[in-house]
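Hi everyone, thanks for coming.

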Amino acid sequence: MKEKVLTEHFGLESLYKIDVYQKQGGYRATEKALKKMKPAEILEEVKKANLRGRGGAGFPAGVKWSFVPETDKPKYLCVNADEGEPGTFKDRYIMSHNPHMLLEGIIITSFCVGISAAFIYIRGEYEAIALRLEQAISEAYEKGFLGKNILESGFDLDVYVHRGAGAYICGEETALLESLEGKRGNPRLKPPFPASVGLWQCPTVINNVETISNISHIILNGAEWFVKQGLPKDGGTRIFGVSGMVKNPGIYELPLGTSLKDIIFKHAGGMKEGKKLKAVIPGGMSAPILTADEVDIKMDFDSLVEANSMLGSAAIIVIDDKTSILDVLKVVAKFYSHESCGQCTPCRIGNSWINKIVKRIAEGKGKKEDLDSILRLASNIEGNTLCPLGDAAAMPIVSITKKFRKELESKL
Amino acid sequence: MIKALGYFIEIIRGILITTRHFVVNLFFHILKVLGIKTKRKGAVTIQYPEQKKEVASRHRSLHRLMTRKDGKPRCVACMLCVTVCPSECIYVEAAEDPDLEIQKYPAKFIIDLGRCCFCGFCVEACPEDAIRMDTGNVDFAEYSQQDLIYDLDKLIG
Amino acid sequence: MIKIFIDEQQVEVEEGMTVLKAAERAGIHIPHLCYHPAFPPEGSCRMCLVEIEGFPKLELACSTVVKEDMKISIKSARVVEARKAVLEFLLAEHPLDCPICDKAGDCKLQDYYDEYGLFESKFSETKEKREKKLKIGKTLILDQERCILCTRCVRFLKEVTKTQELGVFHRGIDAEVNIYEGAAVLNNYTGNLAQICPVGAITDEDFRFKTRSWFLKEGESICPLCSRGCNILIEYHPGFPRFEVPRRAYRIKARENPEVNGFWVCDRGKYGYSYLEEGRADKIILNKIEGKDVLTWENISEYLGEKIKRVSSAKKTSGIALVLHTWLSNEELFLIHKIFRKGLKVKKIFFADLPQGEADEYLLTSETSPNRRGAQEIGFDIKAVNLDALAKGTDFLLAFGPFLSGLFSLKALKEVLSKVKRKVLISSYLNEVNSLFDIVIPAALIAEKEGSLTNVDGVIQSFKPALEPPGESLPEWKVLADLGKELGTDSKLFEDLNSPGAILGEMGKEIPFFKKK
Amino acid sequence: MTETLTEMLIIFIKIVCALVWFLLLTLYLTWLERKESALIQDRLGANRASIFGIRIIGLFQPFADAIKMIFKEDFVPSFSRKFLHTIAPFISFFFVAITIAAIPFGDILRIGNRTINLQILDFNVGLLFVLAMLSLGIYGIILSGWASNNRYTLTGGLRGVAQVISYEVALGLSLIGLIMVYPSLRLSSIVLYQGELLFGFLPKWGIFLQPLGFLVFMFAALAETKRVPFDLPEGESEIIGFFTEYSGLKWGLFMMTDFMEIIIVSTLLTTLFFGGWQVPWLASDGFHFPWGGELMLPHLVVVLLQVAAFNIKVFFFCWLQILIRWTYPRFRYDQVMDLGWKLLVPLSLVNIIGTGIIMTI
């Protein structure tokens, strides 16, 4: 029986208060982990659970943790709550409804990897949520789940909330670290990966809010249960954020592998009155677009990759037939041009160039060769940039241009 | 022997050709002296200073420096002409222009026409189309070498 | 040592090297703009992308570390395509300023376009407008339009001078290098910024619009303006013979030497090159001379030898006095020591140098002459000039250098020197003291001669002439070597001392400090 | 006494007249050369020299040239033999100029009872004298080439001497036949012989009696003048010649010598092969046409006609030589030598033998 894992108690009032949370069985996982398990066992459990990163890249969390080397240096955990991807709003739900679930995950992760300080890098716009998190943290300190010698286990942990300043690029893990260090949020060169050289040159684990939030459930219910909730290779459920021209936009926690068609038409109540489905962006704005014919697809990492798209942050953006695809392209191009950090050449100039072309087309001054130039430029950006932002920008632009070429050509 | 005879015939033919030219031209010259106008002219010579031939549009004549709309030289003193000049006859000294769009202008631009071989490389090399050799002016002989050294004023004027 | 393959060519390199360095070691240039050997890789320009077998994406040559049997291709179609793409991006927003850009000629962007680009611009949008002429320091001018954001300058100021006057502002296409509000790039190493900028974004007012870089010839030399002995390149114009424009040094560049100055040179060395041309003496000046009418470099040693012999035989060596300076090379000081100190036992040897200057914590030292350490190691007792002691009982004075005039007033010098019978000056400059001497012999500067210098840390650095000495000037060691032969102090030894290299070899035999390591 | 004085005066006047004629003709040959070449090449030729703005088809050009030449720097190369260098053009000039003395301009002018020979010096070895003087001109070439202290001028001079000496042989031999026909070396006699008629109507001119001799003589004489196509000694445009190191007036003398040689050759051709001053069928009292009929003329008219005939013939040959010069390209050196030794000398020998045979018959 598949059920809701993360959003199970979201309906409860004041879930964000530690008392309410504890009444629902909160912090039992922490106790179990800290008292009964060794860090190696936790790692083993997480690995077995096949928990893949929920931020977009889908890298297995357990494997990531195991990369952290044994050193004398302090280790850090950064929770990536810089939810900048357009269309994505799942993390804010988790953090605002159930911050303690996240904290529990942080505690267990830190215990597992041997971390003494954790940072929640939250995007600047989430001011209220940041306050709520801070409140939750202080509650946890009061209850002894944070601070020195947690639950008599001799394990110390401090958690800090760090608010970003509104740059999309700071959602990229190394740029997030730079930002956290107080520098300009430019991505770093990889390798070395943050797991070995991260925050202040120390080993650092960086995970998405949703990923970390899953940890307590894995510990509590075991890896096998967790795997059952999803697919064998890809454990657990996913929170799909549906937005756009559907009747009921919102978040839907569903098992991986649910059909996109079902999500839109069953769970989200179908299209709004008088609108027809035209296209779907299945995983946040950086995911390549799917046309209406392609929506009959399973929403998991591999199926979407097969369809030349990606699951990303599982944010589904539904576009109706009244929306001009040029507007979509305009928004996408403008967004990435605006959010490029400006560090590496292809992304900085390529995105701005594409944006300039798209803007020109929107102004009605398009030229015959413009679409080809867009494709050429995007393919020159893709794979040649320092961080994934370049790819993230190129992929949707290429897919939109290719799949809706006829419509775009009519605007030239 | 036959070969030698052939030569001999050719020798005679040669002298007949020159004689024909001589006689025919003399005839037309005499007609002209007598004031009789004929279609045919006795000579192809152009009486230069009085009678000038139009130079071809591609002809490389005296240099000139082009100007912008406001009269400033178009030249930005990039010195490519200095670099390319095979006879080393151009000298340019740059200076700072207060206009940020221009920035650099030639404080000195000297062409030593006494050395110039009129190859036109400077025109080819110029990225700003600032120097041209299309004035059509070909008679700028001077009595002293010094007068053949043209400076900015002379080249613009 | 491990072996890697670069374009199927097998190369042996050290472990831990980056692909770019390994290729450079093998003589293969991988284009790069933001990478500079002095800094850790930045990876932002994306020019150095190479294809490595087993990697799905193109990898950065500047940061990827070589592994055993790595197969790298630098010229594959994919790599060239990526390089072209990057160039196209860079040039799309780069102004077509080359005709007025001082960097033209040694601009990397130009070079790479020439090598990989040569495409027609497909950029039909409007370029970004930015600050074209922003004065950011004493002599530095920033052109933001030309900037390709390699951030070498920012990193230089962060990592070398640690002053951090420049930063990157804004993001995306609006990103630009700029100074912080109200600040300016003011430190002692600003001159390096213009040199490390791979394009013409940072230019130097000192060089701005003076000439074009391709006219310049460069010569390797050592900076003599302090005792650090920074390795430099002197870039000079040989002159336009048709227009009576003489030779002129236009700029100094730092030359890499990890032992001494790394990649850098201080502003004093960078901008203080006027000593190469200003007020140079280029003819032998004869103010008072008996007997011979013509004195040339050929017979100068003969003349000096004759005078010295006469004095030393009549009055012993107390009649001879020397004034030296520490712009002389090791070899010259050694020859002087050998001839006068050891051979003739001259005791009146003084040193006239410029007073000490300001030092900083990095390269610049307080000594204003390059070879004080060398003089010490050779065995000179470095005494400042004492005019009374200098003149007392002196019949023959041999002085080197122009620095006497800076130390004493002309009046005092005239008074004292009038007591000395014969005075000879070997100096590179036209100077007011020249009139006080019987003969003034023009000498070559360090940039114009061969020899070696010992820097403040005891590093012995040899140098070769970078420029032609002006007029009749010649290096001092020639005269001294001839003089040694003339005087016959140690004639056997002096027979073979016909080059600075030979002299240095002899020094190594006599003084352990100068032994080749 | 007065008789001798008058004789001397007459000779003096003759010398002056001959020289003036000679020099003027030389001057205007330069003009003719330029104009004729211009006409051949469809050009106009020199037409700029003017006096007070009047320029009669460039007739003042020779004077302009002369003035220019006089005022040009007289350059003597250092290390050259200055004396020989200076004297060389004068030698050349002198030996050519002196030949005019032997040329008969006309028959006899009778004024009152005094008869004046229209010839400066009528001596019995006139032909030999002319040949001798022309041969001596070689010294000018070799001296100038050698005295210039320049290896190119020296080789030029040597080429010149070799060429002139080679053709001297053919020149001399070609005239043997003529001397056999007109048994005299006195030029005036030769001309007088040519006044006779052959077969009753054809003037007994050398060209008719000695056609082969004429051809050989003409080619040899052309070679003697050292002009194109035989201009190897000098070769203005390509090879450097013997008077390269000369300038100004001295160079001018060489130039004049050149033109004077043309005239001398023309006068010789006229005198030896074209009847000299003879006008066909004109005797001293008037025309006696072979078909019967006579035209009596006064003495003065006859003399004028004769002098005019001589001049016309000379002009024609001058014109012809210039025409040849502007028609043919230069020979190669070996071709020059081949032509001289292998063609002209044998031909002249053949001519002598042939003449001998015919005469014996």
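Let's begin on chain B, where B:Leu5, B:Tyr7, B:Phe8, B:Ile9, B:Ile11, B:Ile12 and B:Leu16 make a nonpolar surface patch of about 680 Å². Keep in mind that this is a predicted model. Take B:Ile9 as our example from that patch. Where does B:Ile9 lie? You'll find B:Ile9 in helix H1 of chain B, which covers residues 2-33. B:Ile9 has a relative accessible area of 45%. That value falls between 20% and 50%, so we call B:Ile9 partly exposed.

Now please turn to chain C. Here the surface has a patch of positive charge, where C:Arg341, C:Lys345, C:Lys347 and C:Lys383 gather. One of these, C:Lys347, is in a loop of chain C. That loop runs between helix H8 (330-343) and strand S16 (348-351). Is C:Lys347 buried or exposed? Its relative accessible area is 63%, and the cut-off for exposed is over 50%, so C:Lys347 counts as exposed.

Finally, let's step back and view chain D as a whole. Chain D has twelve helices and seven strands. Its radius of gyration is 22 Å, close to the 21 Å that the globule rule gives for 361 residues, so chain D is as compact as a globular protein of that length. Along its principal axes, the C-alpha trace of chain D spans about 65 × 55 × 50 Å. And how much of chain D is made up of buried residues? They make up 51% of the 361 residues in the chain.

Definitions and conventions. Residues numbered from 1 in each chain as written. Chains lettered and ligands numbered in written order. Predicted model: local features only at pLDDT ≥ 70, side-chain atom pairs only at ≥ 80, totals over all residues. Heavy atoms only, no water. Patch = residues over 30% accessible without salt bridge, like charges linked within 9 Å, V, L, I, M, F, W, Y side chains within 5 Å. Areas by Shrake-Rupley, 256 points an atom, 1.4 Å probe, with all protein chains shown as cover. Salt bridge = Lys/Arg side-chain N within 4 Å of Asp/Glu carboxyl O. Lys, Arg positive; Asp, Glu negative; His and termini not counted. Charge placed at Lys NZ, Arg CZ, Asp CG, Glu CD. Helix = DSSP H or I, 4+ residues; strand = E, 2+ residues; numbered from the N terminus. Buried < 20%, exposed > 50% of the residue type's maximum accessible area, 1.4 Å probe, protein only. Rg over C-alpha atoms; globule rule 2.2 N^0.38 Å.
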